[in-house]
Amino acid sequence: MKDNAFTPDQFTKLNKDEKHTEVVVRESISAWKDAWLRLCSNKIAMISLIILVIVALMAIFGPMISEQDYRTNHLKEKNLGPNATYWFGTDDLGRDLFTRTWMGAGISLQVGIYAALADLVLGVIIGGIMGYFGGRVDEILNRFCEIIYSIPSMLIIILLIVIFKPSMLTIVVALSITGWVSMAWIVRGQIMQLKNQEYVMAAQALGASTARILFRHLIPNAMGPIIVTLTLTVPSAIFAEAFLSFLGLGVQSPAASLGTMINDALKAWTLYPWRMIFPAAVISITMLCFNIFGDGLRDALDPKMKK
Amino acid sequence: MRTRKSAFSFIAALLILAIIAVGCTPKNETGNNGAANNESSNNGAAGEATDAKVFRMNIHSEPSSLDPALMEDNVSGTLATGIYEGLTRKNENGESIPATAEKWVQSEDGLTYTFTIRQDAKWSNGDPVTANDFEFSWKRALDPATGSTYAYQFYYIAGAQDYNEGKTTNADAVGIKALDAQTLEVKLVAPTPYFLSLTSFYVYNPVHQSVKDNEAWAADAVTIIGNGPFKMSEWQHNTSIKLVKSDSYYDKDQVKFAGVDFTMIEDSATELANYETNKLDYTGKPTGEIPSEQIPVLKESKKDEFVTKGIASSYYYMFNTEEVPFNNVKVRKALAMAIDRQAIVESVTMAGEVPSFGFVPPGIIGMKDDYRNEVKDDFFTEDVEEAKKLLAEGLAELKLAKFPEVTLTFNTSDGHKKIAEAIVEMWRQNLGIEVGAKNEEFSVLLKNRTAMNYQISRAGWGADYNDPMTYMDMFVTGGGQNNTGFSSPEYDALIKKAYASGDQAERIAAMTEAEKILMDQMPIMPIYYYSNTYMLKPGFKNIFLDYKGDIDYTRGYYEAK
Amino acid sequence: MIKYVFKKFVSMLLSLFVLATATFFLMKIIPGDPFMREKAIPEKIREHLFAVYGLDQPIWKQYLMYLNNLLHGDLGMSMKQQYMSVTRIIKETFIYSAQIGLFAVFVSLAVGLILGIVAALNHRKWLDSVTIIIAVLGVSIPNFLAASILQYVFGSKLQWLSVSGLNDPTDFIMPVLALSFLPAAFIARLTRSTMLEVLSADYIKTARAKGLSGRVILVRHALRNAILPVVTYIGPMTANIITGSVVVEQIFGIGGIGRYFVQSITNRDYTLIMGLTLFYGIILMAARFLTDIAYGFVDPRIKLSRGGGK
């Protein structure tokens, strides 16, 4: 018996350093945290995020920085280039472009983001249903989409003008009434392709609910095209807003949006390029950062991208 | 590495394909869609005699119609000047001169005109133009079935209104009668001194009697029959129209251009670019446009080509006088007095407009001279202090503590928007009031205006004929254009008096009095008198705009330096 | 297959009917009519005009009249352009828009796919970044700005191309480029995004492991699986592009159909609005139909004729 027994001298005491080797020190990383860490390591994406934050802050506080205001006309000082008083120059009525640009950025970015959100929600739900169920449901919804898409949106906009007063809500409603359709089609196509994948069949076999399959399995895998479509929605909504204000529904003067500023500047961009450059640069840079950050986000969210 | 290499060859292949595809444009199909001008026509002319030049201008868009009875825009009018010719034409001073009618006599009471059609007047197909053609054409325009929107321009003729409104179906009751092939007798309702001026208006142009057999005659180059200095040789819908000199025109010796090419370019920057790259000889009003922001620059850089001409049109804002606060005349006047019109024309519109303090624009004939020279437009002055006082008094009379929320509406256009923004800002700075500026789609605006569903609305008016009446009869009680709620029995009586009278002095006096009432009550706030700006390439001569800004190119010629 | 096509055709006719109905009533509800002018037409004349065009009838009667004409293949006459039938306007203008549009579709597809593939294959390298920048500028610079810049540089300044018109094959270059800018950029982004996903998928890795050459993998596997969203996008995009762009046609002075989509509405040219809407509807539905057919070729597992959810 004694032979078989362990004797205390067979053991050595662990020193302090060795004491915790068996414990999983690294806390378990959730998928989200993992993604966040990977995102942080993507320098360009982080720079984009910082620029986006700066643009957002400027859109809120920018108009307050300058001593000028967005609406006072200085007819004697119109079409001035950037200078000490008017940092971005003045427009054709001598209004300060710095305040107008940031004010416009605030309005336009809101328009873009709200419109993109509306498209996202409507498009993903309806597109998802079309793609997943197929058959008659698909046929009917698809036709509905085609009809909505074919009705001249200008008629709808004019009707909205007659019924409502111009406001952010009406603008977003006008923009998304037909805007979501292209998103729905993209989602539909993706879902139609994805739903035949083995893991979906497995999930179905295991009795997962339709909503779960759709939102946990299918939509996340279709995220790439969805994000890309969204990044198109934002600038197109910004320019569509300019068209709306042309019809009397968008931002009304003297307030400015980037789209209307660019429209105004277009008439004389060869003479007064700064009137075009500043608002266009804000849109382009913002969109660039959105895209780079969006790519970074997608890379981070997609475990397959791990290197 | 392999992957990338293959990718590149794949790309290269695609690129080559793309280049080939672009290179293989189907030439034959596109060769005749000439939105920009066909340069060869001018190059060919350059070597020949200088008078064989083709004149090239822009008309912006498709004419609404080339059937005189149905024309209603200046694009149609510009083309009609070349294709058709009425009884009279206008010279550069706006006077009526003989055209298809070689002479006319007016009866003692001023109620009957007898026109003599010239013997050698011919249609483009060689048929003679007769007095019967005019009788046919005018009655056709009055026939309700024709659907002419401008038929009311004939209402000065006895029986015309009844016939057009369907009160009688008897066309013989209308006072238009061909006494013989050369003589046309016209009976008027009242002595209308400006009737002669109307006979050069495009609805008064004749149409060939054969058109009744072909309803769509005016939609194609081959079926259009005109009697003007030019005839149509080609009509590419939405793209271009080409006219060539007509050999059957009686005065063809005076017509120097071999033809006129019209392009339909909507974008003003594109139009200017075409002019600058020598694809157009003429750019700007009436049917084109020079981008307003370019005007100050071009005025300097193209001094010899740039022309500004005042035209008989007024730009103004109308007030809804039935609603608070514009039911008070002092409030209306305050707003009219608190803006700086000079600054607007100098810095905002920039096309040489003239600040207006009256309603009738210069260019309209009065007793002998220009009406505006005879009756100065000093009905009110700009005075911010006085305006503030009036506004305070007006608001007190209305028992308002502060200026209520009101909106200025204008129809969608960059120009109107800019003016509205400038004026609203002047009101804010000078009177301390907030007025919203809102653009509305044109139909919506018009609908709201006729329904009196507005507070301040932008408006403009161009002369139909050369007499102050074309402006003054707008604001009679219940008038179709009077959407301000303005009503003054005194004003109505003066207009009625001017209508009935054949004595020019009496008429002008009555209308002067009426204009004074209008400006005193101020249902409308004048802003400026329009002007047209255009550029014409050096060497082109005798192309001019008449008093209302319509272009006459028919006797133009080219003279190389 | 024939049964499938027939069923699709019937449902398309049904949708066109719904589209016509919705548009008809919508356009009658909004304020205005074809005979509103700054210089108001006297009331009596307006009444005559209304009678001439049948606008004096109750709306439901006008609607039935329109449907009746439609069934006889008659789209009616334009109410603004005298003596021009809607069919004729569409025929004469569509030809230009369609030519430019088809080129633009081809160019944007070629450029977009190439850029997208290059970017995906060079993921996170400079070529990728350059492509992203080009693509983002492509979507955030509106086509009217792109068109004006092109026109100014190549037309006015360098004078390599004529500023407007369609007289010469080279005249196609600028409008086609201006139209292709945005879709090319979008296709590039779509392709890149899906390619990246596909390239990291197991079967591509397997294919590589099996020793298949890069090109075979690229074309047979990766591109084929990645192209689906592009196919989805091309359908409506083609319908939009070949029916013309208002601004691009305006800037380059092209007498295409694009301007009428706006002009017909501002003029309240009722018959033209209806004609254009139906015309567009047919093109869109045809494009969507072809898209669905194309799905089957791209991914044979996608079955269209029956429901796949259950």
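Trainee: What covers the buried residues of α4 in chain B?

Mentor: The cover includes four strands of chain B: β8 (230–236), β9 (240–245), β10 (259–263) and β20 (551–552). Contact here means that two C-beta atoms, placed from the backbone, lie within 7 Å. Helices (H or I, at least four residues) and strands (E, at least two) are DSSP runs, numbered from the N terminus.

Trainee: Some ground rules before we go on?

Mentor: This is a predicted model: local features need pLDDT of at least 70, side-chain atom pairs count only at pLDDT 80 or more, and totals for chains, interfaces and linings use all residues. Residues are numbered from 1 along each chain as its sequence is written, while chains are lettered from A and ligands numbered from 1 in the order in which they are written.

Trainee: OK. How many residues of α4(B) are buried?

Mentor: 10 of its 10, with the helix running over residues 74–83. Among them are B:Asn74, B:Gly77, B:Leu79 and B:Ile83. Buried means 20 or more other C-beta atoms within 10 Å of the residue's own; exposed means 12 or fewer, and partly exposed is in between, with C-beta atoms placed from the backbone.

Trainee: Which way do β8(B) and β9(B) run, parallel or antiparallel?

Mentor: Antiparallel, joined by six bridges. Strands count as paired if DSSP finds at least two bridges between them. One of the partner pairs is B:Lys231 with B:Val244.

Trainee: What about β9(B) with β10(B), how many bridges?

Mentor: Five, again in the antiparallel sense. In that pairing, B:Lys242 stands opposite B:Asp261 of β10(B).

Trainee: Which residues of α17(B) are buried?

Mentor: B:Tyr491, B:Leu494, B:Ile495 and B:Ala498. Down the axis of α17(B), they fall within an arc of 95 degrees, so they line one face of the helix. The arc is taken from the directions between the helix axis and the C-beta atoms.

Trainee: What sits over those buried residues of α17(B)?

Mentor: The cover includes α16 (469–472) and α18 (504–521) of chain B.

Trainee: Now chain C. How many helices and strands?

Mentor: 13 helices and zero strands. The C-alpha trace spans about 85 × 60 × 30 Å along its principal axes. Of the 310 residues, 53% count as buried. Among contacts with a separation of 6 or more, 72% are between residues 24 or more positions apart.

Trainee: What confidence does chain C get?

Mentor: The average pLDDT is 87, and 96% of residues score at least 70. Residues 306–310 fall below 50; this stretch has 10 contacts in the model beyond near neighbours in sequence. pLDDT is the predictor's confidence in each residue, from 0 to 100. For the complex, the predictor gives an ipTM of 0.90 and a pTM of 0.88.

Trainee: Last one. Where is C:Gln81?

Mentor: In the loop between α3 (59–71) and α4 (86–121) of chain C. C:Gln81 is buried because 25 other C-beta atoms lie within 10 Å. Leaving out residues up to four places away in sequence, C:Gln81 touches B:Glu62, B:Ser64 and C:Ile89.
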